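This note concerns the pockets and cavities of the model and one of its helices.

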Amino acid sequence: MIKRFKVSVSKSTLDQIYNKVKKYPWNNIQKMDGWTHGTNYNYLKKISKYWTSKFNWKKQEKKINSFSNFITNVDGIKVHFIREKGSGKNPTPLLIMHGWPGSIVEFLDIIKKLAHPEKYGGKKEDAFDVIVPSLPGFGFSSPPKKPLGPRGIAKIMNKLMTKNLKYKKYIAQGGDWGATICNWLGHDNSKSCKAIHINCLTMRHPKGPQNKAEEDWDKKFNKVQIMQDGYRTIQATKPQTLAYSMNDSPVGVAAWILEKFYSWSDIKKNRLESVYSKDVLLTNIMIYLITSSFNTSSWIYFGRREEGGRYFPKNFKKIKIPTGIAKFPKEMSEWPPKSYLDRIFKIMHWTDLKKGGHFAALEQPDLFVNDLRKFLRGLNFD
């Protein structure tokens with residue numbers, strides 16, 4: 001059963017969040033310059049002041065509710081999703097997925113462009129039926145009973161598309177965890193998922209590097225990722241411990257999330273707001289707070305560790321469905337050489353974009369949409 005869903009946050013919930021932000025003990029935090037040691041003190045204090053004085057959640061709530069929102073049960077999990085039916089007679093079903101610390105907010109400004117291209121300078125035949133879910137444990141979707149990794153979530157997403165929404169075939173797109181889920185959809189569910197488009201690689205081939213270029217990439221990647229492993233290790237090993245403090249601190253959640261948007265985005269002159277507005281940043285943060293999902297959103301890290309970590313299994317066989325790759329220059333997870341990717345995917349489309357980072361759809365919506373359209377045009381589903 002699929003039910004209509006409307007976001008409606010009570011005044012008491014909002015007041016509780018805002019009061020905690022207002023009462024945050026700033027004097028107990030060292031005023032360290034820059035972002036080297038973590039989220040910048042001055043910026044966090046500035047956006048927190050805006051949060052409680054000018055930010056209008058109800059305006060953002062209205063924007064989310066301007067789309068058709070639904071809730072449906074998949075394997076005992078209440079999955080929330082936005083569905084925008086595309087123009088024309090036969091729009092291609094598109095499942096588009098966020099990661100951490102993102103949400104459906106990443107896609108709000110591209111949904112209609114993908115579903116109704118003729119209204120934005122495109123062609124009606126490029127239209128998609130757009131399905132944007134909140135991943136299990138994230139946002140408005142309920143959590144699984146225990147941590148579930150991306151392979152398990154891929155199974156749920158496939159059931160959402162084929163059982164609940166009755167699509168016989170579809171394509172999937174994702175970055176971050178969305179990309180990992182795409183990998184598993186292509187690997188395990190190729191009868192229904194007919195193509196994937198990704199803007200991030202988070203999985204590795206079990207046989208590792210096979211030539212010098214790949215070995216050089218591997219060494220560089222591991223060195224760069226040392227500074228990223230702090231949050232990842234905590235969320236993959238002790239997510240519950242972290243949850244106790246974050247559950248009572250909106251400013252703490254904001255700091256944890258904002259640091260990633262700063263570090264992983266193609267910003268100018270060290271200014272986070274050269275890419276994102278305060279409203280966009282706070283709306284994404286608020287979704288974690290109003291749904292109390294900061295804890296359960298981190299479960300996917302724990303779940304992947306139990307699934308075997310970032311490596312495909314030893315018996316891994318190449319993903320044989322068409323794969324499109326959008327390579328944005330400031331992606332925090334540096335892409336390996338194409339020779340490495342060719343052993344994982346059947347690459348049918350590759351684009352080196354000139355700007356943009358990890359949150360590609362949010363940073364460069366037009367580049368993102370155009371690349372996805374080009375990928376679709378090159379495919380034949382008949």
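1. For residue classes, Ala, Val, Leu, Ile, Met, Phe, Trp, Tyr, Cys and Pro count as nonpolar, Asp, Glu, Lys and Arg as charged, and the others, Gly among them, as polar. The model is predicted: local features need pLDDT of at least 70, side-chain atom pairs count only at pLDDT 80 or more, and totals for chains, interfaces and linings use all residues. Residues are numbered from 1 along each chain as its sequence is written, and side-chain values use heavy atoms, with hydrogens and water left out.

2. On a 1 Å grid over the protein atoms alone, a cavity is a set of points where a 1.4 Å probe fits but cannot get out, while a pocket is an open set with protein on both sides within 12 Å along at least five of seven lines; lining residues have an atom within 4 Å of a point. Grid points are joined across faces, edges and corners, and a volume is the space filled by probe spheres set on the points.

3. The structure holds four cavities of 30 Å³ or more. The largest cavity, with a volume of about 260 Å³, is lined by 22 residues, and L201, T202, R232, R304 and S333 are the closest to its centre. Two or more lining residues come from each of α6 (177–188), α7 (212–225), α8 and α13 (299–307), with α7 giving the most, three residues. Helices are DSSP runs (H or I, at least four residues), numbered from the N terminus. By class, this lining has 11 nonpolar, five polar and six charged residues.

4. The second largest cavity has a volume of about 90 Å³. Its lining comprises 14 residues, with E106, G175, N199, H358 and A360 nearest the centre; the classes are six nonpolar, six polar and two charged.

5. The largest pocket has a volume of about 790 Å³. Among its 29 lining residues, W35, H37, G38, T39 and E259 lie nearest the centre. The elements giving two or more residues are α2 (41–53), α8 (229–237) and α10 (250–264), and α10 gives the most, with eight. The lining divides into 15 nonpolar, 11 polar and three charged residues.
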